[in-house]
Amino acid sequence: MSKTKSIYVRPLDIKQGRVDMSHGSGGRASAQLIETVFTAALDNEYLRQGNDGAVLPLPPAGSRLVMSTDGHVVSPLFFPGGNIGSLSVHGTVNDLAMMGARPLWLSASFILEEGLPLADLLRIVDSMARAAKTAGVVIVTGDTKVVERGKGDGVYISTTGVGYVQGTTNPSGNRARAGDTILLSGTIGDHGMAIMSQREGLQFESAIESDSAALHGLVAAMLATGADIRVLRDPTRGGLATTLNEIARQSGMGMVIDEAGIPVNKAVAAACEFLGLDPLYVANEGKLIAICAAADAAMLLAAMRAHPLGQSAAEIGAVIEDASCFVQMKTKLGGRRMVDWLNGDQLPRIC
Amino acid sequence: MKYVDEFRDGVLAKNLAASIAQESRPDKTYRLMEFCGGHTHALSRYGLLGMLPANVQMIHGPGCPVCVLPIGRVDLAIRLALEHDVILCSYGDCLRVPASEQMSLLKAKARGADVRMVYSALDAVKIATQNPTRQVVFFAIGFETTTPPTASVIKQAQASGLKNFSVLCNHVLTLPAMEAILTQPGGVPLQGLVGPAHVSTVIGSQPYQSITSRFRMPIVISGFEPLDLLQAILMLLRQVNEGRAEVENEFTRAVTPEGNRKAQALVDEIFEVRDSFEWRGLGSLPVSGLKIRAAFAEFDAELRFPDLVYRNVPDHKACECGAILRGEKRPQDCKIFGTVCTPDNPVGSCMVSSEGACAAHYTYGRYTDSKGMP
């Protein structure tokens with residue numbers, strides 16, 4: 001950082017200190033918090049300039065810009081397999097990835113609640129920094145506000161991302177066609193059940209970890225096959241069931257999926273059974289659905305399985321003509337039923 | 001999952017379905033009522049209805065605790081929460097049940113009422129202990145399955161001298177409802193009943209004998225797993241074909257003839273039978289509901305808040321929940337099913353709980369309707 005003499009009389013007490021209203025005042029305390037916590041952890045050439053925004057180079061000629069945004073309000077802030085910091089990076093990176101984009105830059109806006117331990121904030125920001133570094137994205141600009149105790153829930157983080165997409169790549173929810181194959185990149189329900197296992201009043205011992213991960217590497221490997229990936233989407237809130245219904249409606253098509261083909265971790269299945277939840281509706285933060293022409297399916301599935309984040313990828317069904325846009329499922333038992341949109345809120349505040 | 005997968009085996013299911021097809025006689029129609037909402041849900045969720053021959057028809061019964069709760073009882077809970085500033089604790093299913101003036105507990109919560117969803121009656125006691133300056137009311141609903149836990153917390157509250165805890169009791173009894181279904185004028189002719197699973201673990205299989213002998217009605221008590229249900233349906237078909245009317249127990253791994261004596265004694269200690277209780281769809285039924293005994297009166301919310309007076313409120317005019325709960329109509333026969341009334345915006349209670357016949361058909365089965373509504 002700069003060699004000018006520090007304007008702060010005392011260093012920030014990370015061990016014992018807590019966020020107070022002065023940290024959001026815009027004065028010296030704000031500046032100290034930003035320098036000590038945010039800029040230090042997320043250090044890069046754009047943040048270092050300390051300006052109101054970042055001036056960024058244009059992506060390669062002929063490519064198209066992609067932008068997406070995501071707010072994160074997960075409770076509890078820390079959960080097995082991640083925390084709100086890593087989640088806020090993965091969430092937006094994945095939204096860009098689902099557009100077939102290579103993510104480049106993120107912005108991060110923090111709403112801190114008075115009383116949040118600074119040690120917690122540091123852990124969260126450190127984890128954001130690690131997630132961004134692993135994903136190869138740079139957090140180029142940010143903002144911090146503080147709200148009174150009781151008016152937030154520790155910390156809320158909004159991230160916005162910019163990336164670019166090249167060539168004819170054009171995954172879109174309205175491009176599924178009858179006869180297409182539906183692929184899923186791995187097990188479902190891990191994130192939602194990891195959060196659930198930590199919830200007050202519901203705590204149960206389990207080895208379930210959130211699947212929170214950045215998916216653009218997997219997407220790049222899939223795009224490299226040359227297959228026309230018609231639809232890409234990450235089944236987050238509302239789970240696999242709700243996301244398939246969204247795609248069916250956007251495309252004006254129906255679907256038939258096969259329950260036996262949908263991978264679910266044993267511990268997740270058991271926890272869902274115990275709590276009366278359906279894994280089809282439980283959130284994921286590191287899985288994707290891909291829809292492609294049946295002829296491309298084997299090649300695409302092989303590419304997914306060859307990637308560390310797609311090892312248990314599976315073909316789960318097919319797109320059919322249906323003006324009502326129903327998603328049907330062949331049950332393991334040999335029966336058939338439909339899989340509807342999530343109704344109400346199965347698990348609030350999961351991302 | 002051990003002890004679960006065994007009851008959801010696809011090969012065994014196919015064999016059972018084949019046995020059912022073989023047992024059913026083409027010249028006969030078998031109308032079987034699954035009394036319990038848990039069975040209604042399982043039939044739909046596992047896609048079992050499509051595995052049965054066309055002449056084996058499942059009629060959905062009234063055994064969904066949320067569905068049979070009349071509007072007036074939900075109104076009481078809402079009034080407690082809005083006007084008496086209590087912490088109202090309720091099972092999640094009750095929160096969205098439509099009440100008078102387009103209210104529900106969930107909407108009351110949005111207006112500032114302190115309504116909390118609990119997973120067990122014990123959680124309500126915990127909340128009362130943690131909030132000694134607030135009155136905490138547990139909105140108790142359900143058949144014989146959920147009654148023992150309510151009894152247990154009332155007893156616990158008395159033992160610990162808890163002064164700010166009470167129960168709004170809506171517990172109901174299975175047998176009077178079964179009787180009402182079988183004696184109603186103009187009801188659907190039934191050939192057999194699938195007896196409830198969890199209720200029977202508490203009351204046992206013996207009490208159903210009064211029904212089989214009085215109405216010559218075959219009953220098979222069934223577990224909630226899909227193979228349980230297919231097996232129970234097969235057993236019912238055999239009874240019908242052989243002209244028997246007996247209580248048979250498919251759910252032997254959990255149900256005994258005498259039931260859970262300890263739970264029965266506990267319930268008897270805390271509760272007594274009301275002269276009559278109003279059911280949605282079935283009307284006012286004599287000796288069909290429970291109230292808290294005088295010795296535990298201090299925990300009775302209806303006595304603690306004396307201005308709380310029950311009022312009968314008629315259902316929405318177009319809503320067919322009543323006829324559906326009596327087995328006279330199917331969800332898709334209701335004019336507002338899937339259009340005005342959906343799980344997101346329920347008009348009747350059968351569209352609220354996952355055990356409700358309308359919610360089950362909407363969620364799992366409506367793709368088979370000719371209307372094909374989205």
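## Strands, helices and domains

Visitor: How many bridges pair strand 4 of chain A with strand 5 of chain A?
Guide: Glad you asked! Two strands pair if DSSP finds at least two bridges between them, and the elements themselves are DSSP runs numbered from the N terminus (helices H or I, at least four residues; strands E, at least two). Strand 4 of chain A, residues 102–113, pairs with strand 5 of chain A in the parallel sense, and the bridge count is nine.

Visitor: Which pLDDT do local features need in this model?
Guide: Residues are numbered from 1 along each chain as its sequence is written, chains are lettered from A and ligands numbered from 1 in the order in which they are written, and side-chain values use heavy atoms, with hydrogens and water left out. This is a predicted model where totals for chains, interfaces and linings use all residues, side-chain atom pairs count only at pLDDT 80 or more, and local features need pLDDT of at least 70.

Visitor: Which strands of chain A are the edge strands?
Guide: The four strands form an open sheet in the order 1-6-4-5, with mixed pairing. An edge strand pairs on one side only, which here picks out strand 1 (64–72) and strand 5 (138–147) of chain A.

Visitor: At what angle do helix 1 of chain B and helix 10 of chain B pack?
Guide: Axes are lines fitted to C-alpha atoms, for helices over the stretch in contact, and angles run from 0 to 180 degrees between N-to-C directions. Under 35 degrees counts as roughly parallel, over 145 as roughly antiparallel, 65 to 115 as roughly perpendicular and the rest as oblique. Helix 1 and helix 10 of chain B are therefore roughly parallel to each other. Their axes lie 10 Å apart, and the angle is about 15°.

Visitor: Which residues of helix 14 of chain B meet helix 2 of chain B?
Guide: Helix 2 (residues 37–45) and helix 14 (residues 357–365) of chain B pack at about 10°, with their axes 9 Å apart. The two helices of chain B, helix 2 and helix 14, are therefore roughly parallel to each other. Contact means heavy atoms within 4.5 Å. Helix 2 of chain B brings B:T40, B:H41, B:S44 and B:R45, which meet B:A357, B:A360 and B:Y364.

Visitor: How many residues does domain 3 of chain B give to the contact with domain 1 of chain B?
Guide: Domain bounds come from an automatic or database assignment, which makes domain 1 5–63 + 175–249 and domain 3 321–363 in chain B. The C-alpha centres of domain 1 and domain 3 of chain B are 21 Å apart. Domain 1 of chain B supplies 16 residues to the contact, and domain 3 of chain B supplies ten.
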